Amino acid sequence: MKESDLRKIESALNVTLPEFYRATMLTYPFPANSFANEFLLPNDPKTILEYNQHSGEYPGIGKPFVIGSDGGEEMYFIDLAADSSQVFTFDMETGKHTPKAADWAKYLRQIETDLQEIKRDEKAEQERKANKKWWGFWK
């Protein structure tokens, strides 16, 4: 994202984004074609605006700001009213939120770990397919 994208988000949602979020988005640390960019921490102002247009009430959270999702039933958010950079998970099925990461740095490390796991899984799947016996293709 560019500074103008961050200002657009702030203006559209009437919020002030925390410095830790701004710094990360201005020097986005994850590959463009990754699960992180698509879901965990989208680097697209349109996606962030969409996430936050439909965000609901989060009891006990002063000013939620959705930063990403798991691509399914969970949304990830921070509390703009808090001084901390804690990241929360909101389960859309149960309507409850829980802490996901104690701080922003831990959340970013968690994303990196998730991306490494995805890469290992993809590699294992490719190896499995490459080593499959010819008679196994019908199973």
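**View 1. Phe65, a buried ring in a predicted model.** With 1% relative accessibility, Phe65 counts as buried, and the model you are looking at is a predicted one. Tyr21 also counts as buried, at 0% relative accessibility. For both residues, the cut-off to keep in mind is under 20% relative accessible area.

View 2. Because Tyr21 sits in helix α2 and Phe65 in strand β1, the pair ties together parts that are 44 residues apart in sequence.

Now move along to Trp104 and Tyr107. Here the ring centres lie 5.7 Å apart with the planes at 40 degrees, so the pair is tilted. Both residues belong to helix α5, where they are three residues apart, about one turn of the helix. Trp104 and Tyr107 are both buried.

**View 3. The surroundings of Tyr21.** What does Tyr21 touch, leaving aside its neighbours within four places in sequence? Its contacts are Met1, Leu6, Leu41, Ile48, Phe65, Ile67 and Trp104.

**View 4. The largest nonpolar core.** This core holds 27 residues, and those touching the most other members are Tyr21, Leu41, Phe65, Ile67, Trp104, Tyr107 and Ile111. Two or more residues come from each of α1 (3-13), α2 (19-26), α3 (35-40), α4 (45-53), β1 (64-69), β2 (74-79) and α5 (104-130). Which element gives the most to this core? That is α5, with five residues. Another core, of eight residues, lies apart from this one and includes Met75, Phe77, Phe88 and Phe90.

**View 5. The whole chain, for orientation.** The protein chain has five helices and four strands, running α-α-α-α-β-β-β-β-α from the N terminus on. Of its 139 residues, 37% are buried. The accessible surface of the chain comes to about 8,700 Å², with 50% belonging to carbon and sulfur atoms. Among contacts between residues at least 6 apart in sequence, 38% join residues at least 24 apart.

Key
Residues numbered from 1 in each chain as written. Predicted model: local features only at pLDDT ≥ 70, side-chain atom pairs only at ≥ 80, totals over all residues. Heavy atoms only, no water. Core = buried A, V, L, I, M, F, W, Y, C linked by side-chain atoms within 4.5 Å. Buried < 20%, exposed > 50% of the residue type's maximum accessible area, 1.4 Å probe, protein only. Contact = heavy atoms within 4.5 Å. Areas by Shrake-Rupley, 256 points an atom, 1.4 Å probe, with all protein chains shown as cover. Phe/Tyr/Trp six-rings, centres within 6.5 Å; stacked < 30°, edge-to-face > 60°.
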